Amino acid sequence: MESNTYLNIDRVINILQNGTKFQKKEVFKEIKGFLENNPAEDIKRIFEKLLNIISLSFQDSVEMCRENALDICIHVIGTIEPNVDYLLTLVPAIHQRLCSDTMLEPSEELRLKYIELISLLIEKHKDLIVPYYSEMVDILVQTILDSAPQVKKKSCYCVIQLSEIGSYDFHPLSKKLIPPLAEAIHHQHWRVRVSVLEAIEILILKGDPKNLPDGIRALANRLFDDSPHVRLALTRLIGNWMLNHYDRYSYFCQTLPLMLTCLIDNEEHIRNEARNLWEKAGAQYLLENENDYKDRIDWELEELPHYPPGIKRPGLGCRILVDRQACKFVEAIGRELRDWVVSVRIKSAQLLSQVILHAERQITQELHKIIGPMSKAAMDEEAPSVIEYIKIAAEYLGYFVPPETYCKVILEFLREANYGELRIVAGIIRGSPAKELVPHLKTLTHLDITTFKGEEQSAKLDLIQSIFKTCGSECLDEIGESIWGSLVSVAGLAENETIANNAVALLSEMCELGGGNRRIVFNRFCKPLLASLLDFHWSVHCHQQYIFKAVIFYTGEVVEENIDSIIDVFKKCLVQEETDPEVILKVILTLNKIISDENITLPTMEVREYFKNTIITDILYEQLKWKPGRSAEAIRTMTATSLFLLLPRNLPPNLIPVLLQLIDDANEKTRTLSIASIKKCSLVEGIHEPKTFSKIMEGLLKRLDDCNQKVREMSLECISELYRAEFDLLKEKDDHNSSLLSFTYETLLIHLDDSDKQFRIVVLDTLKMLAPFNYQLLLKKIRVDMFRDKDIAQQLVYFIEEKLAPSISLDNKCS
């Protein structure tokens with residue numbers, strides 16, 4: 001049966017040209033019905049007659065007409081055999097609709113159908129599409145940049161289809177597709193980005209090989225993509241290029257850094273995929289160049305005896321590839337380490353560690369290019385991750401570069417000894433073999449430089465910890481004095497408590513390395529530092545005061561064996577008149593630490609007495625003398641504290657007048673300490689000489705009128721102790737100075753009527769203690785009716801009459 005029985009061709013053409021919207025809709029329905037119910041031969045014959053008018057419908061102003069025309073074309077092209085005549089009509093029509101400035105298709109759905117039709121034409125016609133490469137490329141350049149994600153994805157698939165045809169005619173045109181793909185790779189949808197990567201992968205492989213550098217530039221930022229799917233696609237792309245690209249040898253220097261970066265991705269499955277592709281690329285390269293590397297294949301060890309633990313050594317082919325190519329991009333890595341974008345700096349630091357791990361000893365040739373940038377990157381406080389990866393890279397350097405080699409480079413490039421350089425040296429030391437490293441420690445470490453900034457102090461501690469970890473006790477023989485001096489200096493000058501605690505912990509570790517005895521280990525290494533403390537003028541800005549404090553506070557075991565040096569330091573600071581008061585106060589505080597920790601600092605009694613006598617006689621005496629000014633007052637108070645701690649075994653005679661002056665000092669704490677010192681020395685015979693005893697007692701009685709309650713109570717306690725000692729020393733009460741005792745009774749009776757009830761009770765207790773010396777005298781002086789508080793006066797009378805008078809009378813009868 002004839003086809004036009006079912007479909008009137010002339011009528012269809014006429015309506016599609018001049019009909020109304022409704023008529024065209026009905027006609028398209030008739031055409032679709034015909035296509036669905038007739039064999040392929042009839043469809044082909046009818047389609048050839050309607051092709052021109054259907055292609056014209058692509059330009060129809062009615063969207064419904066354009067959509068139906070596209071549906072018919074897609075159905076027919078997918079059903080019948082390919083025909084080059086179809087391309088002649090359809091490709092220009094599609095090109096006009098998608099590339100024209102005036103007739104650009106506005107519908108997103110229809111643009112997708114156009115691309116589906118393009119994909120179908122390429123799939124069905126394959127090589128027949130070659131004459132239309134130019135139009136196809138123009139269309140794809142537009143649709144790759146389309147706003148619709150589905151259009152972008154389908155366009156990328158069309159790029160793959162065109163590339164796989166493999167015609168040489170496509171090579172010169174393929175370059176036009178790189179810019180739109182490079183732009184589309186930044187799309188917000190990860191599936192679109194994956195499609196773009198897949199398109200670029202095949203486009204570079206099948207298109208012009210010279211396009212690879214342009215493709216690499218487009219891909220580099222995808223290493224930072226948030227989507228693991230995108231990074232996985234990029235990994236596979238790079239691996240495919242390294243394995244199958246026609247001119248891959250020429251571009252290894254560009255693909256290799258990307259592959260090494262993929263090896264350190266955050267996702268394990270991406271790292272595994274990258275490692276698999278990388279090993280294949282290395283093995284393929286080694287196989288292709290087997291004759292050139294036969295000696296290394298036959299004789300090189302698979303595993304090195306000194307190698308980073310927990311890391312599998314890359315294959316020989318991978319290592320050779322990095323050996324040959326590293327010189328071409330390692331300097332660029334150094335520049336990227338200073339990039340303003342944090343993520344770029346992090347990836348660059350990671351990449352550098354991988355380059356060193358693969359290059360191994362051959363990295364020595366590039367050492368001068370990377371040491372400087374590494375030291376600057378190690379100071380990247382904005383990105384702690386950069387510092388960590390740079391430390392790893394430095395540690396790898398230590399594993400592969402001999403100390404005698406890297407020492408020369410470090411001395412040339414690391415001259416400032418800033419904290420970045422110290423971190424690099426610390427990392428290198430952690431990776432170095434101990435036996436080869438020890439002879440070079442003095443050259444390498446720069447530990448004698450005093451540091452004041454927290455970052456530098458932390459870096460120096462990190463360096464020392466690395467030395468301990470790598471060299472153990474052997475380092476103490478080479479640079480033990482420098483290490484001890486540095487640790488004490490950092491502890492004294494620490495910017496914060498954490499740094500000080502770390503320094504103290506390392507001092508303990510040093511002690512363990514030296515045998516465990518702190519006194520022996522510290523005394524072995526402390527002398528150079530103690531000697532250096534005498535070479536400076538101690539001003540308020542002098543850092544030696546803090547170092548000296550650290551010596552005493554954290555390593556007090558050195559004091560006894562170096563007692564003369566310690567005393568010389570005290571003399572230099574405390575005896576010279578030009579020393580700043582602030583410094584004097586800090587040094588006296590250090591002196592107090594020695595005294596309070598005497599079991600550690602002065603364990604031997606002989607040395608302890610020598611130290612105390614020398615300090616009291618030669619140093620404290622001058623500081624206790626009265627001088628005008630608030631600074632001098634503070635110094636007297638601090639010195640009085642030291643004196644109180646040093647007493648009571650001996651009290652030099654020249655100190656007694658000073659103590660009497662201090663009793664009347666303007667500072668209440670100084671008065672309290674001086675009275676406490678006299679109380680502490682109550683058994684010293686020199687105090688009980690009549691004149692001295694009288695002066696002291698008069699001064700103490702005067703302090704009962706002090707404005708400070710603590711001073712008043714301390715004075716009463718001191719009076720009690722002195723009279724108790726007086727009784728014990730002289731034995732006979734008749735030998736006491738009766739006039740002084742009378743004055744003491746009178747003064748205490750006055751204060752027995754004090755306004756403060758609590759103080760009155762303390763005075764009462766004191767009088768009860770003093771009453772046995774001459775209770776008759778005391779009883780005569782008590783006039784109860786003159787007291788405001790008659791009860792307390794009566795208590796004293798009762799005490800004397802009931803407790804003292806009967807016992808004394810009984811003693812007289814017995815005698």
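Modeller: Lys126 is located in the loop joining α6 (108-125) and α7 (133-144); helices are DSSP runs of H or I with at least four residues, numbered from the N terminus. The model is predicted, so local features need pLDDT of at least 70 and side-chain atom pairs pLDDT 80 or more, while totals for chains, interfaces and linings use all residues. Residues are numbered from 1 along each chain as its sequence is written, and side-chain values use heavy atoms, without hydrogens and water.

Colleague: What is the phi of Lys126?

Modeller: The phi of Lys126 is near 50°, a positive value in a residue other than glycine. Glu360, in the loop between α18 (342-359) and α19 (367-377), has a positive phi near 55°.

Colleague: Is Glu360 buried or exposed?

Modeller: Buried means under 20% relative accessible area, exposed over 50%, and partly exposed in between (1.4 Å probe, protein chains only). Glu360 is buried, because its relative accessible area is 7%. Tyr554, in helix α30 (residues 544-554), is partly exposed, because its value is 31%.

Colleague: Which residues have the most contacts inside the largest nonpolar core?

Modeller: In soluble globular proteins, nonpolar side chains tend to be buried together. A nonpolar core is a set of buried Ala, Val, Leu, Ile, Met, Phe, Trp, Tyr and Cys residues joined through side-chain atoms within 4.5 Å. The largest here has 271 residues, and Trp278, Trp484 and Phe570 have the most contacts inside it. Leaving aside residues up to four places away in sequence, Trp278 touches (heavy atoms within 4.5 Å) several residues, including Met242, Leu256, Cys318 and His358.

Technical notes
Helices (H or I, at least four residues) and strands (E, at least two) are DSSP runs, numbered from the N terminus.
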